[in-house]
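Open the model in your viewer and keep the selection tool at hand. We will go stop by stop.

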There are 2 protein chains.
Amino acid sequence: MKSIPGLFLLFLLLISNLSVSQNCSYVIVIHGGAGNIRPENLPPLVASTYESKLKEVLRVGDSLLNAGSTSLDAVETCIRMMEDCPLFNAGKGAVFNAEGKNEMDASVMDGKTGLAGAVAGVTTIKNPIRAARAVMEKSQHVMLSGKGAESFAKSQGLEIVAPDYFFTQERWNDYLKAKNKADSIEIIDKKHGTVGCVALDKYGNLAAGTSTGGMTMKRYGRIGDSPIIGAGTYADNNTCAVSATGHGEFFIRNVVAYDISALMKYKGLSLQDATSEVIMNKLKSQGGTGGVIAVDKNGNIAMTFNTPGMFRGYVKAGGEMKVALYGEK
Amino acid sequence: MKSIPGLFLLFLLLISNLSVSQNCSYVIVIHGGAGNIRPENLPPLVASTYESKLKEVLRVGDSLLNAGSTSLDAVETCIRMMEDCPLFNAGKGAVFNAEGKNEMDASVMDGKTGLAGAVAGVTTIKNPIRAARAVMEKSQHVMLSGKGAESFAKSQGLEIVAPDYFFTQERWNDYLKAKNKADSIEIIDKKHGTVGCVALDKYGNLAAGTSTGGMTMKRYGRIGDSPIIGAGTYADNNTCAVSATGHGEFFIRNVVAYDISALMKYKGLSLQDATSEVIMNKLKSQGGTGGVIAVDKNGNIAMTFNTPGMFRGYVKAGGEMKVALYGEK
């Protein structure tokens with residue numbers, strides 16, 4: 001008689017373990033910027049180069065999360081890969097500011113602890129996202145800027161490079177065009193974009209990160225939304241992880257990343273409804289262009305943008321992967 | 001027979017006018033920082049000096065709003081007066097960073113338009129709050145930093161001063177104490193504080209602003225919550241205007257100023273309940289010290305802090321004025 005309750009307990013234990021591992025399947029989402037991305041603006045070879053790179057990044061994210069890495073590690077690694085790739089406006093390949101320099105911003109947030117880190121206006125840190133994470137984990141601060149951020153990164157042993165490491169001919173040509181007013185900055189910048197990544201790991205922890213070179217010809221030490229916690233990046237294990245890309249000023253004023261979390265937490269909206277409300281209603285009505293990627297605590301994802309396209313993709317535990325550049329019909 | 005409905009209509013018109021002017025009565029609230037402000041830490045003469053200055057600032061705010069100024073003008077003027085006063089850690093009297101320099105941040109937001117402006121890490125702009133407003137009104141950007149912000153301010157005709165304008169012997173002594181580790185920075189900084197102002201004008205428009213010298217001995221180009229829209233400053237005519245002061249890193253991670261607005265907008269909390277939830281529950285449970293001043297669209301005010309004291313005060317249309325330094329029993 002004693003063995004039946006024992007077996008029943010074992011059965012319950014198995015069930016509960018199964019359900020835990022189901023709930024804790026992982027997902028990772030990336031973006032490489034939103035903007036005037038249309039088939040007619042991207043030669044097929046360029047489009048397929050973007051697609052290949054997004055897939056490569058996602059495969060790395062997938063293998064990390066599958067092997068038990070944290071969402072924070074996966075987010076940092078995927079953003080680092082995009083920073084190292086000249087296709088994106090972050091790290092190598094960043095756009096040039098009004099003085100012809102590359103000046104970058106990045107931020108990261110850990111949904112488990114609520115901790116966050118960011119750097120703004122850095123010019124010599126090879127991977128700004130690594131510096132943002134070091135600020136989060138190794139300093140008392142959330143946001144460091146300029147030379148101070150660089151000297152902190154150096155003190156943490158991060159790789160420092162000469163400013164010309166970030167040079168690419170294509171972005172330099174854009175800079176010259178913008179400087180000579182051959183094209184408006186809006187037209188030039190609409191082809192580029194910030195990068196970002198959000199992830200849910202096997203342990204149920206969310207993380208988000210964003211990295212950017214800002215706007216071509218930006219002046220006056222302008223800081224956009226990417227290094228601002230709550231605007232460009234936000235993560236909370238109770239709701240979602242968000243990374244934004246777009247016209248930064250609108251994203252700051254609308255506290256976009258945190259607003260999505262607040263709509264879920266306080267109004268009970270789903271992730272998709274919350275991102276639609278903010279990107280397709282609020283921002284669009286103000287003329288604020290851009291998009292977000294987001295993942296919630298249950299692994300639901302959203303890739304929402306009010307521009308013609310957004311470089312984006314996701315991969316889920318089990319291997320389901322999707323990469324897309326343009327808006328869906 | 002015709003005159004009775006006519007009189008009734010006139011009566012209705014009078015009633016409705018009365019109710020409009022009641023709804024549109026103004027209010028202005030200021031703070032000069034939260035911290036370890038206790039009677040035993042402030043000699044009576046110093047305490048009365050703070051009280052007098054707070055009253056002087058409020059009287060100016062009162063007369064401006066009474067004469068029909070906008071909340072934005074009143075907020076700027078009141079903050080400017082506190083920046084010019086060496087009692088507060090903003091403008092003249094700002095604390096010194098690790099390099100022995102004064103490096104200031106400020107931000108402002110207009111609840112009517114949703115526009116916002118901020119400067120971070122400026123060292124030569126006499127009134128950072130004026131620069132923040134110029135960023136909002138005269139640039140395409142929300143946030144400018146460092147030398148870029150200074151060159152923009154100069155281009156706008158704002159008063160530029162030599163960095164030693166901001167010097168005060170008292171703050172310099174604090175810096176030397178911190179440098180020589182005579183006192184911990186926490187102990188030294190707990191006596192100081194950011195300044196801020198929120199107001200509702202006769203036209204029903206809300207505005208908020210914040211200005212600070214940051215933390216004594218701050219390093220690495222650290223940016224706190226004061227110049228971050230959503231963290232240190234937020235205003236929305238549909239909800240409230242908020243200015244924060246305290247341990248900036250906690251205020252950034254918790255998106256404090258916007259969170260108060262979101263709790264009102266999405267959960268229907270009152271202003272007092274929303275500020276209490278954020279300051280007394282969320283922040284306190286994390287060890288985040290500080291406070292906020294806030295005013296809602298109906299003229300209700302909140303001055304909520306989880307520290308022993310906060311320099312604060314308000315004045316309402318009709319002349320009701322209150323100034324206080326310590327927590328109430």
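**Stop 1: two helices in chain B.** Select residues 44–66 of chain B, helix H2, and residues 71–84 of chain B, helix H3. You are looking at a predicted model. How do the two helices pack? H2(B) and H3(B) meet at an angle of about 160°, and their axes lie 9 Å apart. An angle over 145 degrees counts as roughly antiparallel, and H2(B) and H3(B) are therefore roughly antiparallel to each other. Is their crossing left-handed or right-handed? H2(B) passes H3(B) in a right-handed crossing.

Now show the side chains. On the H2(B) side, pick Lys53(B), Glu56(B), Val57(B), Val60(B), Gly61(B), Leu64(B) and Leu65(B). They meet Ser71(B), Asp73(B), Ala74(B), Thr77(B), Cys78(B), Met81(B) and Met82(B) in H3(B). Colour them by class: the contact has 8 nonpolar, 3 polar and 3 charged residues. Look at the spacing along each helix too. An α-helix has 3.6 residues a turn, so residues three or four places apart point the same way.

**Stop 2: the pair in chain A.** Select residues 44–66 (H2) and 71–84 (H3) of chain A. Here the angle is about 155°, with the axes 9 Å apart. That makes H2(A) roughly antiparallel to H3(A). The crossing of H2(A) and H3(A) is right-handed. Among the residues that meet here are Val57(A), Val60(A) and Leu64(A) from H2(A), and Ala74(A), Cys78(A) and Met81(A) from H3(A). By class, this contact has 8 nonpolar, 3 polar and 3 charged residues.

**Stop 3: both chains together.** The same surface serves both copies: 100% of the contact residues of chain B recur in chain A.

**Stop 4: a helix with buried residues.** Go to residues 146–155 of chain A, helix H5. Gly148(A), Ala149(A), Glu150(A), Phe152(A) and Ala153(A) are buried there. What covers the buried residues of H5(A)? The cover includes strand E3 (116–122), helix H4 (128–138) and strand E4 (143–145) of chain A. Last, step just past H5(A) to Gly157(A), which takes a positive phi of about 80°.

Notes
Residues are numbered from 1 along each chain as its sequence is written. Chains are lettered from A and ligands numbered from 1 in the order in which they are written. This is a predicted model: local features need pLDDT of at least 70, side-chain atom pairs count only at pLDDT 80 or more; totals for chains, interfaces and linings use all residues. Side-chain values use heavy atoms; hydrogens and water are left out. Axes are lines fitted to C-alpha atoms, for helices over the stretch in contact, and angles run from 0 to 180 degrees between N-to-C directions. Helices (H or I, at least four residues) and strands (E, at least two) are DSSP runs, numbered from the N terminus. Angles under 35 degrees count as roughly parallel, over 145 as roughly antiparallel, 65 to 115 as roughly perpendicular and the rest as oblique. A crossing is left-handed if the near helix is turned anticlockwise from the far one by less than a right angle, and right-handed if clockwise. Contact means heavy atoms within 4.5 Å. Ala, Val, Leu, Ile, Met, Phe, Trp, Tyr, Cys and Pro count as nonpolar, Asp, Glu, Lys and Arg as charged, and the others, Gly among them, as polar. Buried means under 20% relative accessible area, exposed over 50%, partly exposed in between (1.4 Å probe, protein chains only).
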